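Please keep the sequence and the structure in view while reading.

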Amino acid sequence: MNKVIIQGGGEHARVVLDCLQAQGLQVVALFDPKYTGDLWGVPQRGAYDPAFMPEARAIVAIGNNAVRKRVVSITQHEYTNAVHPSAIISSRSSWGTGNMILHGVIIQAQAHMGNHCILNTGVRVDHDCIISDYVHIAPGTVLCGTVTVGEGTFIGAGAVVIPGRKVGAWATVGAGAVVTRDIPDYAVAVGNPARIIKYTNIS
Ligand SMILES: CC(=O)SCCNC(=O)CCNC(=O)[C@H](O)C(C)(C)COP(=O)(O)OP(=O)(O)OC[C@H]1O[C@@H](n2cnc3c(N)ncnc32)[C@H](O)[C@@H]1OP(=O)(O)O
């Protein structure tokens, strides 16, 4: 059960491949219509083939949350998690499947995360945070204790969310933002303190 396929062939997929290989897992294929050839010893097989090695586990390594959700809906393999060996993870935290917990991430006690999320390089998720499905938290971001993040939300690199704040679903927090108030669903917020500049309509 150590074989893994990756859905996606772009930059994020390469980081996830690096992570899975560091875990000692055998990545047997990358699927992405845009890529063929060999990447770090792994064949890039073009479009997804549901019949390919059905015993392999899958991970959808696509950084865009809406696209990742769509590709998850058509993937027939069972899922696994990518967890880099350098991550520091409390045994009192929990998460579902299909998640990418990348290099240098820290997850504190009683933090809980759903499925198909990305905790990118060096993200810190402190105690009692709750992260829904299809969230992407970009490199270096800090979620202080008891923060809640709704489905599909993207939090840009180096952002800070102060304790107890709620970031809604399918929201966007800009790089370097400091979130001092709750952010509603679909809002795009930037700056310190973070201010809403617009709403998006992704679902
Ligand atoms: C491994 C990896 O690389 S993972 C990927 C990590 N990527 C990131 O962290 C990127 C995060 N993205 C951002 O911060 C983007 O700027 C977004 C998503 C917040 C906004 O993007 P857009 O919707 O294209 O907004 P746009 O660029 O038009 O900017 C709108 C306004 O907000 C300002 N703005 C945009 N981003 C920020 C920001 N992070 N902080 C402060 N102000 C910002 C712009 O200067 C502009 O201001 P103006 O209207 O006065 O000129």
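A cavity is a set of points, on a 1 Å grid over the protein atoms alone, where a 1.4 Å probe fits but cannot get out, and its lining residues have an atom within 4 Å of a point. Grid points are joined across faces, edges and corners, and a volume is the space filled by probe spheres set on the points. The model is predicted, so local features need pLDDT of at least 70 and side-chain atom pairs pLDDT 80 or more, while totals for chains, interfaces and linings use all residues. Residues are numbered from 1 along each chain as its sequence is written, and side-chain values use heavy atoms, leaving out hydrogens and water.

Searching the whole structure for cavities of 30 Å³ or more gives 1, and the largest cavity holds about 50 Å³ of space. Among the residues that line the largest cavity are Trp-95, Ile-107, His-112 and Cys-129.

How many disulfides (pairs of cysteine sulfur atoms within 2.5 Å) does the structure hold? There are 0, and the table gives two cysteines whose closest cysteine sulfur is too far for a bond.

| Cysteine | Closest cysteine sulfur | Distance |
|---|---|---|
| Cys-19 | Cys-117 | 15 Å |
| Cys-144 | Cys-129 | 7.9 Å |

Strands are DSSP runs of E, at least two residues long, numbered from the N terminus, and two strands pair if DSSP finds at least two bridges between them. Strand β7 is joined to β10 (residues 106–107) by 2 bridges, and Ile-89 stands opposite Ile-107 in β10.

Definitions and conventions: Helix = DSSP H or I, 4+ residues; strand = E, 2+ residues; numbered from the N terminus. Disulfide = S-S within 2.5 Å. 1 Å grid on protein atoms, 1.4 Å probe; cavity = no way out; pocket = protein on both sides within 12 Å on 5 of 7 lines; lining within 4 Å.
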